[in-house]
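This briefing covers selected features of the structure shown below.

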Amino acid sequence: MTINTLLVKEGCPQEQMACFRKMEKVIVAMQDPDMGMKMRNQRLLITVIPHAMTGHDIITWLIQKYCISEEEALHLGNLLVKYGYIYPLKEPRSLVLRRDESPYRFQTPYFWTSTQWPATELDYAIYLAKKNIRKQGELMEYEKERYSLLHKRINHTWDFVVMQAREQLRASKQRRKADRIVLECQEQAYWLINRPAVTCQRALGRNRVKSSNCLEGFLKHSEQYQNHDPIMQGCLPSNPWISDDAAHWTMNADVVPVPTRLRVERWSFSFMELLSDTMGRKEFMTYLEKEFSAENLCFWQACEEIRHGENSRISEKVNEIYKNFLAPGAARWVNIDSKTMYKTLEGIKRPHRFVMDDAQMHIYFLMKKDSYPRYLKSDLYKNMLAKAIVPQETKKSVFPFMRRQRHSSPSPAQAATQATEEDGRVKEAGQIAEIVSAQQRIRAVRKTL
Amino acid sequence: MAAEKAEMDALKKECDGLRAQIEAARKAVNDGSMSASAGGVEAVGRVQLKLRKNLKGHLAKIYAMHWSADSRQMVSASQDGKLLIWDTFTGNKLTAVPLKSAWVMSVAFAPSGNLVASGGLDNICTVYNIKAASPKTLRELDAHTGYLSCSRFLSDSEIITASGDTTCCLWDLETGKQKVVFTNHIGDCMSLALSPDENSFISGACDSLAKLWDIRSGTCKQTFSGHTSDINAIAFFPSGNAIITGSDDCSCKMYDLRADQEVIGYQDTSLNAGVTSVALSNSGRLIFAGYDDFNCHIWDSLKGEKVGVLSGHDNRVSCTGVPADGMGVCTGSWDSFLKLWN
């Protein structure tokens, strides 16, 4: 069932109506007094709202009635919420079905999309005006924009709009508080569906950085990495492709006794550079151990393993992390703020690949802002930098009489024969020397004869 | 009928209005051009790279190549039905993987070096374990309804593929099932590239748009337009803040992700061949773009000037790649040779 939604204006296309009718059948079944959902009074702050149900109940009912899986029930429930047949009482802007105790209510048929109650500009204007009058500054950004747009467009009837809004507000004050809240929620839900903050709004509202700043970023990056770019600057001791000498790779292997200077310099370019280098990470760990905050890096590493590891081991790894880092009184407890901790602990109940993301981000930024700059100023780093090797450039040809082919490297077979040739020549030279000295001795002996 | 038409027209007008608003918002932040900012930077001068190695071994057109994370091994795919894994230092072929379907269009090396993936007109992405005694098929990922144009490994357990059915897909290699399908393009997806932090990826398609996707949420975060023909190649600038695209309209463009727009275009009136592949040097200063005119041209990414050319191939350059350590650049061509330059 695909529904092309948003911006439903006067008249819904035929395909949509068919789908809406199907949804309404479900809704009516849900409200059946015998087989339908059990509704109860929900407390919203201090007011009691009648005929509400929890998200959990909705899903259970859908599973039972249609014999579907939980995933499908959640999906179906979400669609019902998105199209305005059920609306949430808490966080009305978030049109999502939550699988927990969040309260929901059925939308009155008056406001069903299929009723095609004309959601005209006038009505929308009245609604926004009411909101504005009721509480100044309650309008959201996109609502404020639309309000001013409408003000320009239907300026000629603006007095009517304001008058209607005031009248409706006065009438609603006469009602019981519970009824008033219910009607407000219904209306708000209706308008959220019919005048949503469209995705284009996201594109318009996106935070864009000034071009000049971005361009400077590129220049800086290029400049910083210029010395580290072998194509631009060459590399020491030599580029293996040119000299056929793998020394560069051996010196820059993952784990070496002493790293090269360029490598250690790169650790100061960004925190990510430090963490992605095995040796850099090891050094940073040593530093953190001195500062008694090594658990942060261990936690970060464990989270990375979850993000990039096998699916089947995710729950096991998440449990490990909980035991070691998050449980109260854990051996290596990490310091996360309470909101993130709560969210993570909730998420752990249903572990998935990205469940640790928020906590991991928090710790990452903690290390980046705090430990990383101090590490760069520390003696540990400075000593490493001082100790680091700057490889000597290897001379291009060791044997001057040996002409290396310039445009392609010799094949391994050739290299082998060259080596034997060299050996041969050395041996020859040695043999010649021996023969010469032998001849000298013979001459010497002859002389004596 | 008339009412529907009127509604369509009204919606179209609103769409155009919104598009104009987005353009205006982009212009508002466009307060500096690359040529102005890069004015103070030293020119790179003429870049002359020499041919260091010529790898012979394929018997038909080479369509794709990918470097291993160790910067020494490389895998190449040719329509003779073979994947060859090379040790580029010695020039030796380490492994040959015979393919079920010879019409291969993409190849990828896993960061761990254990796995290799390939796919093409058979619509299937086949993952091979090359560390076994003889290359074994680990998984056949079969759910796309169009040809496989590109694939990239996130790890040994996840891979992202781009297909001619206009979708990109994230697969779980343990189960062989699709985890997330990224739908938004309206033309065949031709190539994809992973961001340095592996949280997002970019794809270029035949609808001349490049899109940035968030891997976790499965949504398209940003769209970049500007090309007038199919985008064949796409790559991230090393800082992760910009993308470079190469297209059949004979130009390359750099888009900035934070400013949400094109910052510089790389075109030359003398170049009339489409761009097939794009790769960047480690610092991001040089762009190696393979063209249909049998050459690989080198651009200065900051100044937007052509600074060199790699000629030597006898047919279209189909793939280009720079290894992780940036030692040089490898070009693969329809003349069945791979050449290494630096």
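This is a predicted model: local features need pLDDT of at least 70, side-chain atom pairs count only at pLDDT 80 or more; totals for chains, interfaces and linings use all residues.

A residue counts as buried under 20% relative accessible area, as exposed over 50%, and as partly exposed in between. Arg261(A), at 31% relative accessibility, is therefore partly exposed.

**Salt bridges**

- Over all chains, the structure holds 27 salt bridges.
- Arg261(A) forms one of them with Glu265(A), and the closest N and O atoms are 3.6 Å apart.
- These two residues lie 4 residues apart in helix α13 (residues 261–266) of chain A, so about one helical turn separates them.
- Glu265(A) is likewise partly exposed, its relative accessible area being 27%.
- Arg266(A) forms a salt bridge with Glu273(A), with 4.0 Å between the closest N and O atoms; Arg266(A) is partly exposed at a relative accessible area of 25%.
- In chain B, Arg19(B) and Asp16(B) form a salt bridge whose closest N and O atoms are 3.4 Å apart.
- Arg19(B) and Asp16(B) are 3 residues apart in helix α1 (residues 2–29) of chain B, which means that about one helical turn lies between them.
- Arg19(B) is exposed, with a relative accessible area of 52%, whereas Asp16(B) is partly exposed, with 44%.
- A network of salt bridges links Arg208(A) with Glu23(B), Arg26(B) and Asp260(B).

**Sheets of chain B**

- Strands of a sheet pair through backbone hydrogen bonds, in either a parallel or an antiparallel sense.
- One open sheet has 4 strands in the order β2-β3-β4-β5 (chain B), with antiparallel pairing.
- Its edge strands, β2 (62–67) and β5 (92–98) of chain B, each have a single partner strand, so one side of each is without a neighbour in the sheet.
- From one strand to the next, the twist of this sheet averages 20 degrees.
- Strand β4 (residues 82–87) of chain B runs antiparallel to β5(B) and is joined to it by 6 bridges; Leu83(B) has Val97(B) in β5(B) as its bridge partner.
- Strands β11 (residues 158–163) and β12 (residues 167–172) of chain B pair in the antiparallel sense over 5 bridges, and Ala162(B) stands opposite Cys168(B) in β12(B).

**Surface patch of chain A**

- Leu122(A), Phe160(A) and Met163(A) make a nonpolar surface patch of about 250 Å².
- Phe160(A) lies in helix α6 (residues 158–173) of chain A and is partly exposed, with a relative accessible area of 36%.

**Annotated region of chain B**

- An unreviewed UniProt entry lists residues 1–28 of chain B as "coiled-coil region".
- In the model this span is 96% helix and 0% strand, and its end C-alpha atoms lie 41 Å apart.

Notes: Residues are numbered from 1 along each chain as its sequence is written. Chains are lettered from A and ligands numbered from 1 in the order in which they are written. Side-chain values use heavy atoms; hydrogens and water are left out. Patches are made of residues with over 30% relative accessible area and no salt bridge: like charges are joined within 9 Å, nonpolar side chains (Val, Leu, Ile, Met, Phe, Trp, Tyr) within 5 Å. Accessible areas come from the Shrake-Rupley method with a 1.4 Å probe; for residues, only the protein chains shown count as cover. A salt bridge is a side-chain nitrogen of Lys or Arg within 4 Å of a carboxyl oxygen of Asp or Glu. Buried means under 20% relative accessible area, exposed over 50%, partly exposed in between (1.4 Å probe, protein chains only). Two strands pair if DSSP finds at least two bridges between them. UniProt positions are given in the numbering used here, feature names are shortened, and annotations may be inferred rather than shown by experiment. Axes are lines fitted to C-alpha atoms, for helices over the stretch in contact, and angles run from 0 to 180 degrees between N-to-C directions.
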